[in-house]
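These are my notebook entries on a structure that I went through element by element.

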Amino acid sequence: MKLFTHLLIAASLAVAAISAFSQEAKPAAAAASAVPASADKPDLAKGEASFMAVCAACHAPDGNSLIPVNPKLAQQHPQYLIKQLQEFKAGKRANPVMLGMASTLSDADMKNVAFWISSKKAAPGVAKDKELVLLGERIYRGGIADRQVPACAGCHSPNGAGIPAQYPRLSGQHAEYAVAQLTAFRDGVRGNSLQMTQVAAKLNDREIRALADYVAGLR
Ligand code: HEC
Ligand code: HEC
């Protein structure tokens, strides 16, 4: 029964990864038009103004936070950013700081700020641990077959740019932040993605550190 459940999870992850790849194959223009055509256009000037007034203090004026516990947001997919802001506001992703921030934003504010952030260029980062980074690379590209851990590249793309709209960009992200998120998924603290809970469930602390270090330097 346990094996069957594992196979089921592995199979569903594989399907997700395959459909992710077929999404990736679409040209950029098609991906951009995945935003509902009926929705109002984001107001980038308004988004920039609210980002500068409130968010820049922690996430830096260009969205490339210099503080390791505050994630870099620049060039992140707007749909992913909006999902996170909505889930902070609803308490589905628990974080006291971002609950306070997101609570002040309307749906329109979230959209404006998210599209503005995604228009900023992400600053690359660097990996710091020569030995760990090789372990990270191996798991990122190939997964861990005997524990049914899927390759991260299948959903986050080989260069870590992510795949709009669901799969976030990881490349260049602060390792400290990525360690915190993977640990939070694994320990059930971040409960807003069943896929990532299943992926992280089978990773140990050393593997998490290795993956986070590899991702930080990925470009
Ligand atoms: C006081 C510092 C602070 C301020 C101000 C702040 N944030 Fe954050 N933000 C954080 C921290 C810390 C996290 C990581 C939360 C966690 O660990 O789950 C975060 C996470 C996020 C995330 C999730 C990113 C991801 O990769 O999943 C988004 C989106 C975000 N912030 C947007 C904003 C926006 C938009 C504003 C302004 C309205 C803002 N933040 C203001 C500290 C801040
Ligand atoms: C089956 C698809 C899938 C696979 C495989 C996958 N991820 Fe994810 N990952 C996601 C999705 C979807 C999210 C966004 C969750 C959300 O919406 O909150 C995510 C989010 C993340 C985040 C949080 C990003 C942020 O800015 O907060 C990290 C870190 C991450 N994944 C790392 C990894 C690593 C490392 C691996 C490989 C061990 C991996 N993922 C494999 C789908 C996947």
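Entry on H11. I began with helix H11, where I found Glu207, Ile208, Arg209, Ala210, Leu211, Ala212, Asp213, Tyr214, Val215 and Ala216 buried, a residue being buried if 20 or more other C-beta atoms lie within 10 Å of its own, exposed if 12 or fewer, and partly exposed in between, with C-beta atoms placed from the backbone. Ten of the 13 residues of H11 are buried, so this helix is largely enclosed by the rest of the structure. I looked up what its buried residues pack against and found helix H7 (130-142) and helix H9 (175-186), with contact defined as C-beta atoms, placed from the backbone, within 7 Å. I then checked the length of H11 (residues 205-217): at 1.5 Å a residue its 13 residues should span 18 Å, and the end C-alpha atoms are 19 Å apart, which agrees; the expected span is 1.5 Å times one less than the number of residues.

Entry on provenance. I note that this is a predicted model, in which local features need pLDDT of at least 70 and side-chain atom pairs count only at pLDDT 80 or more, while totals for chains, interfaces and linings use all residues. Residues are numbered from 1 along each chain as its sequence is written, and chains are lettered from A and ligands numbered from 1 in the order in which they are written.

Entry on the whole chain. I counted eleven helices and zero strands in the protein chain, where helices (H or I, at least four residues) and strands (E, at least two) are DSSP runs numbered from the N terminus. Of the 219 residues of the protein chain, 37% count as buried. Among contacts with a separation of 6 or more, 72% are between residues 24 or more positions apart.

Entry on ligand 1. I listed 20 residues around ligand 1, of which Cys55, Cys58, Pro71, Asn95 and Met101 come nearest; a residue is near if its C-beta atom, placed from the backbone, lies within 6 Å. Helix H3 (44-59), helix H4 (78-90) and helix H5 (96-103) are the elements that give two or more residues to this shell, and H3 gives the most, with five. The shell divides into 16 nonpolar, four polar and no charged residues, with Ala, Val, Leu, Ile, Met, Phe, Trp, Tyr, Cys and Pro as nonpolar, Asp, Glu, Lys and Arg as charged, and the others, Gly among them, as polar.

Entry on H3 and H6. How are H3 and helix H6 (residues 107-118) packed? I find an angle of about 90 degrees, with the axes 7 Å apart, the axes being lines fitted to C-alpha atoms over the stretch in contact and the angles running from 0 to 180 degrees between N-to-C directions. That makes H3 roughly perpendicular to H6, a label for angles of 65 to 115 degrees, against under 35 for roughly parallel, over 145 for roughly antiparallel and oblique for the rest. The residues of this contact divide into six nonpolar, three polar and three charged.

Entry on the backbone. I found a positive phi of about 70 degrees at Ala60, although it is not a glycine. Ala60 lies in the loop between H3 and H4 and is partly exposed, with 18 other C-beta atoms within 10 Å. Ser157 also has a positive phi of about 70 degrees without being a glycine, but Ser157 counts as buried, with 20 C-beta neighbours inside 10 Å.

Definitions and conventions:
Two residues are in contact if their C-beta atoms, placed from the backbone, lie within 7 Å.
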